[in-house]
There are 2 protein chains.
Amino acid sequence: MEADSSLQDRVPRKRRKMQRVTMMDVAKLAQVSPSTVSLYLRKPAAVSPAAGQEIARAISTLGYVPNLVAGGLAAASSKVVSIIVPSIRNAFFAETVSTLQAELAAEGLQVILGHSEYGEDQEEALVRTALSWAPAAVVLTGLSHSTGTRKLLQASGVPVIEMWEIGGKPIDMAVGFSHPQVGASAARHLLSKEGRSIAFLGARMQEDHRAAKRASGFAEEAKRAAEHVTCEIINHPGAATVEAGSLLLSRALQQIPDLDGIACSNDLIALGALFECQRRGIDVPDRIAVVGFGDLDFSASCIPSLTTIRPSGDLIGKEVARLILAGIHGEHPTGASRIIDTGHVLVERRST
Amino acid sequence: MEADSSLQDRVPRKRRKMQRVTMMDVAKLAQVSPSTVSLYLRKPAAVSPAAGQEIARAISTLGYVPNLVAGGLAAASSKVVSIIVPSIRNAFFAETVSTLQAELAAEGLQVILGHSEYGEDQEEALVRTALSWAPAAVVLTGLSHSTGTRKLLQASGVPVIEMWEIGGKPIDMAVGFSHPQVGASAARHLLSKEGRSIAFLGARMQEDHRAAKRASGFAEEAKRAAEHVTCEIINHPGAATVEAGSLLLSRALQQIPDLDGIACSNDLIALGALFECQRRGIDVPDRIAVVGFGDLDFSASCIPSLTTIRPSGDLIGKEVARLILAGIHGEHPTGASRIIDTGHVLVERRST
DNA sequence: AGAATTTATCGTAGCGCTATTATGGGCGCA
DNA sequence: TGCGCCCATAATAGCGCTACGATAAATTCT
């Protein structure tokens with residue numbers, strides 16, 4: 001059990017031996033060479049059934065757990081995918097990460113998670129550590145990154161996937177949808193419901209570039225549609241929460257007394273706006289129509305049920321996984337297939 | 001040509017060289033030995049300021065990114081913490097993971113994420129892969145695990161922290177709170193509001209043991225309090241969503257016509273119940289009082305604002321991080337300090 | 001049958017880094 | 001002036017595994 005550390009000068013150098021069972025042990029027990037064990041673990045079909053069985057038995061007898069760290073070093077690429085999102089607390093990204101993790105786990109890939117908190121410098125630091133793991137791929141959120149981040153990634157040669165946004169030039173590959181188009185869809189929908197004084201309620205738009213793009217897409221569509229339409233963009237500097245939604249609606253009503261339609265950059269904000277309307281006795285959708293974004297858990301069930309734009313976070317996760325796995329299997333997508341548009345869907349419910 | 005290699009093994013084997021800049025390159029440029037670079041990276045104070053500066057310059061000139069895989073192999077323990085939660089989509093765990101990730105990142109530790117989806121076998125598989133990374137610690141959710149999982153972890157010698165639950169015998173360390181006590185608190189609160197026909201609305205309780213424990217704590221407290229109190233536990237087999245909350249409330253009213261108080265195993269369920277009451281014109285809290293669990297984003301802002309029990313997921317994250325970091329710094333907590341009770345707080349609002 | 005393949009298995013050199021011991025030069029103290 | 005001691009730095013031996021070629025054995029082709 002324990003080694004006395006006092007009277008041992010036998011061997012030239014004592015090195016901490018921690019790993020209990022190594023591939024070598026398995027090989028000995030199975031009476032094959034370590035290479036064969038390694039081969040069996042990676043491509044079971046390449047070894048004879050007899051040897052395979054013997055190895056499998058040895059593995060289970062010894063309770064062998066492969067050391068992926070050593071494997072990653074030897075193979076010069078570890079079975080890890082690094083994912084960097086602004087915040088996992090955000091239900092959008094939670095969904096994507098969850099799907100992605102599940103898809104990758106099925107192929108034996110691990111997910112390493114990082115939160116940039118919408119900070120480019122923080123993101124760069126995360127990318128740096130991510131690359132320290134020689135990951136099979138790096139997944140980032142959005143297309144806006146510091147030049148340092150881009151350089152690091154380009155120099156590394158690791159496949160990079162930017163998700164949740166398309167419409168710019170990706171570092172390598174991109175999976176997502178156009179945020180200006182989402183804003184435009186929301187505007188068109190409100191205008192189709194006779195909206196004439198409309199507003200976009202967003203949060204943290206100074207940092208959340210994607211929300212800002214939805215807002216500008218919204219404003220542009222409103223401007224394009226008709227000149228007798230007034231349109232405002234209202235930002236809450238803090239996080240996108242239900243409470244922020246209530247505050248934003250109050251501010252919107254103050255600025256635009258005849259407000260008749262709002263689009264929110266997040267369903268949580270929309271829910272807060274809905275609550276605020278309820279408090280003030282404002283009828284939704286008769287007096288004010290509300291469009292959200294995200295189609296979160298509660299959006300179909302709230303009162304009134306929320307018209308919202310569904311970005312399909314799980315589809316993004318699936319597509320990202322597909323690209324990563326294709327890359328691992330040697331198929332490197334080229335040209336237009338390096339950018340995947342997952343689109344968006346406007347789900348019409350009672351709030352408009 | 002060059003195929004003649006029978007009796008001369010002069011030419012060393014060609015190995016794919018992928019890493020662009022290694023520690024060796026840095027050492028050369030800085031005119032010190034690789035050991036010194038390594039030492040500088042790990043304990044900057046141990047090298048002379050002159051050498052340190054030289055090394056720092058070399059690192060930035062070359063754009064050196066340390067290879068943590070190699071480091072992990074040499075050090076026999078990687079700078080990785082593996083976290084396994086049922087689902088990151090659940091706002092509770094998202095909060096904890098987010099906090100934990102931030103705290104650990106500050107100390108240079110990476111988070112590897114896995115989702116068990118409330119399955120013990122799936123959890124065991126995740127633990128197995130987790131251990132392949134020789135992680136600095138493994139974090140699990142709850143105290144219920146397969147015997148295989150327990151064995152694997154015990155045999156590995158890796159620090160293990162079980163979070164979000166205490167009250168049983170942890171594998172190694174635990175940070176969380178007592179779920180039966182949460183249920184009891186909810187029951188006491190409802191009873192203090194003159195509740196006489198109360199119910200616990202839960203989801204997925206066949207798999208979510210912690211929710212089940214809250215339910216049984218609730219029922220026991222109700223039974224203990226008075227015999228003229230009727231108490232039911234109602235389960236929805238699917239996920240804990242707002243919609244499930246509406247369904248559960250409907251079922252509760254069917255089973256208990258004079259229902260006057262409910263506790264929900266999750267604020268989403270509570271919100272659904274609130275919506276259903278609104279739809280049916282049932283006054284909350286006058287006719288039915290509602291207690292939630294989680295104190296989610298919307299709980300303070302909904303109508304009526306939700307009385308709920310706050311489990312402080314971020315505090316759990318912080319404490320878990322503290323234990324892990326203590327372990328890394330060599331301080332191994334012993335005895336009672338291996339179990340940390342983060343408690344719970346009942347936040348009284350308008351719904352009761 | 002002998003040559004030319006194919007197939008299954010083995011031997012071994014690192015992957016890039018850290019831990020440990022070894023070394024040498026500067027310093028205090030007598 | 002000399003002795004030991006400490007501190008900064010260097011040398012060295014792996015960590016456990018995979019890739020790459022080599023080798024032996026089995027198979028097919030002339």
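Reader: How much area do chain B and chain A bury between them?

Author: In this predicted model, chain B and chain A bury about 4900 Å² between them, and 62% of that area lies on carbon and sulfur atoms. On the side of chain B, Val69(B), Trp133(B) and Ile303(B) lose the most area to chain A, together 14% of what that side buries.

Reader: How many residues does each chain bring to the contact?

Author: Chain A gives 56 residues and chain B gives 56 residues.

Reader: What makes Arg89(A) and Glu95(B) a salt bridge?

Author: The N to O distance between their side chains is 4.0 Å. The rule asks for a side-chain nitrogen of Lys or Arg within 4 Å of a carboxyl oxygen of Asp or Glu, and therefore the pair qualifies. Across this interface the rule finds 1 salt bridge.

Reader: Which element gives the most to the side of chain B that touches chain A?

Author: Helix 4 of chain B does, with 7 residues. The residues of that side of chain B divide into 29 nonpolar, 15 polar and 12 charged.

Reader: Why are strand 2 of chain A and strand 2 of chain B called paired?

Author: The two strands run antiparallel and are joined by 3 bridges. Pairing requires at least two bridges, so the strands count as paired. Within this pairing, Ile112(A) has Ile112(B) as its bridge partner.

Reader: How many residue pairs are in polar contact between chain B and chain A?

Author: The count is 14 residue pairs, with both residues at pLDDT 80 or more.

Notes:
Residues numbered from 1 in each chain as written. Chains lettered and ligands numbered in written order. Predicted model: local features only at pLDDT ≥ 70, side-chain atom pairs only at ≥ 80, totals over all residues. Heavy atoms only, no water. Contact = heavy atoms within 4.5 Å. Buried area = accessible area lost by both parts, 1.4 Å probe. Polar contact = N/O pair within 3.5 Å; in protein donor to acceptor, adjacent residues only side chain to side chain. Helix = DSSP H or I, 4+ residues; strand = E, 2+ residues; numbered from the N terminus. Nonpolar A, V, L, I, M, F, W, Y, C, P; charged D, E, K, R; others polar.
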